[in-house]
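Open the model in your viewer and keep the sequence panel beside it. We will select one piece at a time.

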Amino acid sequence: MKAIGFKKSLPISEADSLIELDLVQPIPTANDILVKIEAISVNPVDYKVRQNTNLLQPHDQPKILGWDAAGTVVAVGDKVDYFKLGDRVFYAGDITRQGSYAEFQLVDENLVGHLPESIPFLEAAAMPLTSLTAWEALFEKMKLDQEDTCSKSILIIGGAGGVGSVAIQLVKQMTGLHLITTASRLESKKWCKNMGADLVVDHRNLVGEMQQAGHEHVDFILNCVNTDDYWEIMSKLIKPEGHICCIAESKWALDLNMIRMKSVTLSWEYVFTKAIYITEGQNVQRNILNQLAGLMESKKIKSTLNCVYKKFCVETLKEVHRKMESGSSIGKTVIDFINIKSCT
């Protein structure tokens, strides 16, 4: 099978930063299903893994990237209970295993959602990782629910990105919170409003614009971007006994004393925790994806697909990585496997 990965962490400008691989098609055992991939999408975690050798197995074993896919089940392991041949599926998968930049992929059935016929593969491929991240952050970590009314507010930092785009929609569909998000460019502000944000403020003057809009403090903050850059700002904006949830790692020690006197709760959301540590809640991700599919099918949640490439090859993936590393992406970029044979 054709796949794309790397053997050595290199800048994306280097020739071997991503390479084409010709591998033996894997065989599923136990709870694994084998998926013929129809479309994938690219996330920041893809280039972060490519840049970070500490996340990899030995370099004599190429690492296949990619943690978003939609496709069809073509084989199942002997302990699989939830899927059969021909099922349409979508998933993010497990960062410790080979990823979705490949024609076929093995994935644990507990991490996979059923995909209704009415939802195109391209739209579905944009959703799993960001939706799982947003869902877990909002409803598992911050425990939002329908009782959270407009008398309370949430700030989503980085609303035009993949996670922010889904989080905006989930908050508007499943709570009554007043929703504020950040963006700076005209097109990203428009995107956030289209996703359902009540108010969009410029992250370059976040505290000032929040105050001008009459929001001295907020009850909840979901930070979808750089934790370090926004720590002091979040500490100022969060209400006493409020809740902050971050999805990006911190490179420096955070001064937790800044939120101690407010008795603020701080949570971290990492979508691969359940898979890495095989927690009891691992199959929860299957249930989340099934609920998401229902919301998409009923048009309550729309795909965050914003750009499609119709050629699965090294050149395409390099271009998408460059774009994502620049920080200019809006929504999700999806790669259609219709032209997978053009890799050769």
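Predicted model: local features only at pLDDT ≥ 70, side-chain atom pairs only at ≥ 80, totals over all residues.

Residues are numbered from 1 along each chain as its sequence is written, and side-chain values use heavy atoms, with hydrogens and water left out.

**Stop 1: the sheet.** Strands (E, at least two residues) and helices (H or I, at least four) are DSSP runs, numbered from the N terminus. Select the six strands of the open sheet, in the order S11-S10-S9-S12-S13-S14. Their pairing is parallel. Two strands pair if DSSP finds at least two bridges between them. Which strands stand at the edges? They are S11 (199-201) and S14 (265-268). Each has a single partner strand, so one side of each is left without a neighbour in the sheet.

Now zoom in on S9 (residues 153-157) and S10. Four bridges join these parallel strands. Pick isoleucine 154: its bridge partner in S10 is leucine 179.

**Stop 2: two helices.** Select H4 (residues 162-174). This helix packs on the sheet and touches S9, S10 and S12. Its direction makes about 165° with that of S9. Axes are lines fitted to C-alpha atoms, for helices over the stretch in contact, and angles run from 0 to 180 degrees between N-to-C directions.

Next, select H3 (residues 128-141). H3 lies across S9, S12, S13 and S14, at about 145° to S13. Twelve of its 14 residues are buried (under 20% relative accessible area, with a 1.4 Å probe and protein chains only; exposed is over 50%, partly exposed in between). Among them are Trp135 and Phe139. Just after H3, click lysine 143, which takes a positive phi of about 55°.

**Stop 3: threonine 181.** Go back to S10 (residues 178-182), where threonine 181 sits. Buried or exposed? Threonine 181 is buried, at a relative accessible area of 0%. Its side chain reaches the backbone oxygen of isoleucine 156 at 2.7 Å.

**Stop 4: lysine 302.** Select the loop between H10 (284-297) and S15 (305-309), which holds lysine 302. At 35% relative accessibility, lysine 302 is partly exposed. Leaving out residues up to four places away in sequence, lysine 302 touches Met127, Gln169, Asn194 and Met195 (contact means heavy atoms within 4.5 Å). Its side chain reaches the backbone oxygen of asparagine 194 at 3.0 Å.

Technical notes
Polar contact = N/O pair within 3.5 Å; in protein donor to acceptor, adjacent residues only side chain to side chain.
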